[in-house]
Amino acid sequence: MAGPRLAEADELLERLGRPALWSVPLHWFSLQAAVASESPSAAARHANALSTMARSSRYAAALAACARAWLRVLAGDVQVEPVVAAARELRAVGLGWDGARLAGQAAIRTGDHAAMTTLLTCARALHGTPHTPSPGPQLSPREMEVAELLVGGMTYKQIGERLFISAKTVEHHVARIRQRLGSTSRRELLARLRIIIAG
């Protein structure tokens with residue numbers, strides 16, 4: 001069912017001149033479909049397309065890096081550092097679940113026990129189930145999404161577009177986070193958020 005829809009979307013983008021803003025998500029979803037169907041050749045096609053658009057934004061660069069990591073994982077070449085880096089970068093642009101999936105799939109495809117442990121730890125952390133509770137004020141899941149994108153360098157408008165909410169709503173979330181953390185400046189807020197996200 002998804003195949004024909006993706007093909008229709010691809011045809012539409014072709015007629016529009018393939019703007020990166022719309023092409024990047026389409027290639028990402030197509031890559032995920034190829035990964036799910038264990039189709040390395042289709043995955044490679046979409047990974048190459050993402051690589052050509054990697055310079056258009058941090059979001060595109062994160063997806064391109066992850067696409068390269070997926071290709072290696074599908075080929076059975078599990079390299080821990082690139083997988084973990086790609087997975088964490090996905091979380092930084094608001095795709096923590098996708099990062100957890102990459103790390104988890106890499107873990108089950110490696111025969112190296114130490115690598116498997118590292119990758120599973122990464123997957124659990126990105127999936128929102130850290131092995132130790134983090135100290136300090138707890139943020140809601142939506143606030144964590146906003147925080148990760150804010151730390152990733154996105155503007156309120158970009159965060160709103162990514163989460164399908166208005167920039168005003170993002171501003172409201174940030175104000176509530178700032179109040180909850182007791183931060184008096186943007187620099188202090190970002191520093192505290194980096195600690196929370198890393199934890």
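1. Terms and basis. Buried means under 20% relative accessible area, exposed means over 50%, and partly exposed lies in between (1.4 Å probe, protein chains only). This is a predicted model, in which local features need pLDDT of at least 70 and side-chain atom pairs count only at pLDDT 80 or more, while totals for chains, interfaces and linings use all residues. Residues are numbered from 1 along each chain as its sequence is written, and side-chain values use heavy atoms, with hydrogens and water left out.

2. Confidence. pLDDT is the predictor's confidence in each residue, from 0 to 100. The protein chain averages 82, and 88% of the residues score at least 70. Helices here are DSSP runs of H or I with at least four residues, numbered from the N terminus. Among the elements of the chain, helix H1 (residues 2–16) has the lowest mean pLDDT, 70. Helix H10 (residues 167–181) has the highest, 92.

3. Over residues 129–135, pLDDT stays under 50. The model has four contacts (heavy atoms within 4.5 Å) beyond four places in sequence for these residues.

4. Main core. A nonpolar core is a set of buried Ala, Val, Leu, Ile, Met, Phe, Trp, Tyr and Cys residues joined through side-chain atoms within 4.5 Å. The largest one has 40 residues. Trp 28, Leu 31, Leu 50, Leu 63 and Leu 102 have the most contacts inside it. Helices H2 (20–36), H3 (40–52), H4 (58–74), H5 (80–92), H6 (96–108) and H7 (113–126) each supply at least two of its residues. H4 gives the most, with 11 residues.

5. Second core. A separate core has 17 residues, including Ala 147, Met 154, Ile 177 and Ile 196.

6. Leu 102. Residues up to four places away in sequence are not counted here. Leu 102 then touches Cys 66, Ala 69, Trp 70, Val 73, Val 83, Ala 86 and Ala 87.

7. Salt bridges. The rule asks for a side-chain nitrogen of Lys or Arg within 4 Å of a carboxyl oxygen of Asp or Glu. By this rule the count comes to seven. Glu 38 and Arg 109 meet in one of them, at 2.7 Å, N to O. Glu 38 sits in the loop between H2 and H3, and Arg 109 in the loop between H6 and H7, 71 residues apart. Glu 38 is partly exposed at 46% relative accessible area. Arg 109 is also partly exposed, at 26%.

8. Helix to helix. Glu 89 forms a salt bridge with Arg 58, the closest N and O atoms being 2.6 Å apart. Glu 89 is in helix H5 and Arg 58 in helix H4, 31 residues apart. Glu 89 is partly exposed at 24%, and Arg 58 is partly exposed at 37%.

9. Glu 143. The side chains of Arg 180 and Glu 143 meet in a salt bridge of 2.9 Å, N to O. Arg 180 lies in helix H10 and Glu 143 in helix H8, so the pair ties together parts that are 37 residues apart in sequence. Arg 180 is partly exposed at 37%, whereas Glu 143 is buried at 1%. Glu 143, Arg 176 and Arg 180 are linked in a network of salt bridges. Leaving aside neighbours within four places in sequence, Glu 143 is in contact with His 173, Arg 176, Ile 177 and Arg 180.

10. Helix H8. This helix covers residues 141–151. Its buried residues are Glu 143, Val 146, Ala 147, Glu 148, Leu 149 and Leu 150. H8 is followed by Gly 153, whose phi is positive, near 95 degrees.
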